[in-house]
Protein chains: 2
Amino acid sequence: MSIPFFKQHEKLALHSKLNIVKILDNIPFNDDGLIPAIAQQYDTKEVLMLAWMNRVAIQETLQTGRICYWSRSRNQFWRKGEQSGQVQILKNMYLDCDGDSLLLLVDQTGPACHTGRRSCFYHTLKCDHSEINSAPIIDPDTLYTQKT
Amino acid sequence: MSIPFFKQHEKLALHSKLNIVKILDNIPFNDDGLIPAIAQQYDTKEVLMLAWMNRVAIQETLQTGRICYWSRSRNQFWRKGEQSGQVQILKNMYLDCDGDSLLLLVDQTGPACHTGRRSCFYHTLKCDHSEINSAPIIDPDTLYTQKT
């Protein structure tokens with residue numbers, strides 16, 4: 001059995017470079033052609049959300065510097081902020097050791113969450129209960145009516 | 001059509017509580033019964049890795065305070081550090097707005113990555129190339145031979 005691409009390159013020295021086409025060709029996208037992408041605010045380091053990208057969304061995001069996901073619910077490209085005005089600008093994109101997860105360092109305008117909260121991770125889980133840990137910073141009823 | 005559980009609870013006030021069984025019953029696990037879980041170092045806020053949990057792994061992690069994932073490659077529970085000694089202690093667990101992603105604030109001993117690097121996200125992606133952005137902090141050849 002051949003050694004997987006990312007396994008082959010685990011011991012590369014710091015600052016070694018690989019061709020982006022080789023990288024994209026070897027990402028083990030799931031059955032829907034998608035890979036999970038974590039969005040983290042670049043300066044505060046708050047984790048804002050997790051969404052999904054396909055190959056074209058990765059390429060578009062790298063080329064334009066504006067985050068483009070694939071919406072699984074709408075089954076179409078989702079250029080973050082196109083409806084709400086709350087855009088995400090790319091600062092840096094990282095791929096993990098197995099090539100199956102992305103980390104996006106972004107600059108998020110306003111709330112990342114469709115509920116108007118800054119972060120989507122607003123349920124704190126404990127052994128016997130969950131608790132709402134944040135409040136909206138924008139009224140969600142106005143979020144999708146503000147045209148930019 | 002009924003309103004999904006997490007949609008119903010979007011407007012709950014800060015500090016509102018829900019029963020954990022209700023939460024777990026309504027998580028839309030994927031076809032393999034899994035949900036992605038981001039591990040973030042609690043003090044430096046570095047994103048370390050993304051792995052997967054099933055319902056039992058979530059419950060065990062909440063109860064024991066030690067991170068337990070589900071390994072998709074080995075098809076078994078993966079108590080982080082059981083082989084390498086590089087454990088993850090849970091500080092806080094969060095669920096997102098749609099109930100389909102977890103964020104784990106952890107205290108990671110040593111490297112999170114099996115390559116000996118602190119974080120798994122060591123490929124920086126650019127338009128035309130990728131670059132290795134970090135070096136191992138422990139020689140990976142010794143990582144899985146150190147018994148604790």
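A:Arg72 and B:Asp100 form a salt bridge, with the closest N and O atoms 3.1 Å apart. By salt bridge I mean a side-chain nitrogen of Lys or Arg within 4 Å of a carboxyl oxygen of Asp or Glu. The pair crosses between chains: A:Arg72 sits in the loop between strand 4 (68-71) and strand 5 (76-79) of chain A, and B:Asp100 sits in the loop between strand 6 and strand 7 (102-108) of chain B. Helices (H or I, at least four residues) and strands (E, at least two) are DSSP runs, numbered from the N terminus.

Before going on, some ground rules. This is a predicted model, where local features need pLDDT of at least 70, side-chain atom pairs count only at pLDDT 80 or more, and totals for chains, interfaces and linings use all residues. Residues are numbered from 1 along each chain as its sequence is written, chains are lettered from A and ligands numbered from 1 in the order in which they are written, and side-chain values use heavy atoms, with hydrogens and water left out.

Back to the pair. How accessible are its two ends, A:Arg72 and B:Asp100? A:Arg72 counts as partly exposed, at 45% relative accessibility, whereas B:Asp100 is buried at 18%. Those words have cut-offs: buried is under 20% relative accessible area, exposed is over 50%, and partly exposed is in between, with a 1.4 Å probe and protein chains only.

Now a second salt bridge, A:Lys11 with B:Asp141, at 3.0 Å from N to O. This pair also crosses between chains, from the loop between helix 1 (5-8) and strand 1 (17-19) of chain A to helix 4 (residues 140-143) of chain B. Both ends count as exposed, A:Lys11 at 60% relative accessibility and B:Asp141 at 52%.

For an example in chain B, B:Lys7 and B:Glu10 meet in a salt bridge at 3.3 Å, N to O. There B:Lys7 is partly exposed, at 43%, and B:Glu10 is buried, at 12%. Over all chains the count is 12 salt bridges; between chain A and chain B it is 6. As background, side chains of opposite charge can pair when their charged atoms come close.

Next, the interface as a whole. The contact (heavy atoms within 4.5 Å) takes 59 residues from chain A and 59 residues from chain B. The size of an interface is often given as the accessible area lost when the parts come together. Here the area buried between chain A and chain B is about 5100 Å², and carbon and sulfur atoms give 60% of that. Buried area is the accessible area, with a 1.4 Å probe, that two parts lose on being put together, summed over both. Which three residues supply more of the area that chain A buries against chain B than any other three? They are A:Phe121, A:His123 and A:Leu125, with 13%.

Two of those names come up again in the strands. A:Leu125 stands opposite B:Met93 in strand 6 of chain B. Strand 8 (residues 123-125) of chain A and strand 6 (residues 88-95) of chain B run antiparallel, joined by 3 bridges; two strands pair if DSSP finds at least two bridges between them. A:His123 has A:Ile132 as its bridge partner in strand 9 of chain A. Strands 8 and 9 of chain A form a hairpin with 3 residues between them, pairing in the antiparallel sense over 3 bridges.

Strand 9 of chain A then goes across to chain B as well: 3 bridges join it to strand 1 (residues 17-19) of chain B, again antiparallel. In that pairing A:His129 stands opposite B:Asn19. Strand 9 (residues 129-132) has a covered face, A:Ser130 and A:Ile132, and an uncovered one, A:His129 and A:Glu131.

One more residue, B:Gln40, in strand 2 (residues 35-41) of chain B. B:Gln40 is buried, with a relative accessible area of 4%. Its side chain reaches the backbone oxygen of B:Lys45 at 3.0 Å. Leaving aside neighbours within four places in sequence, B:Gln40 is in contact with residues of both chains, among them A:Gln40, A:Lys45, A:Val47, B:Leu103 and B:Leu105.

Last, chain A overall. Chain A has 4 helices and 9 strands, and of its 148 residues 49% count as buried. The C-alpha atoms of chain A fill a box of roughly 50 × 40 × 30 Å, taken along the principal axes.

Conventions. Polar contact = N/O pair within 3.5 Å; in protein donor to acceptor, adjacent residues only side chain to side chain.
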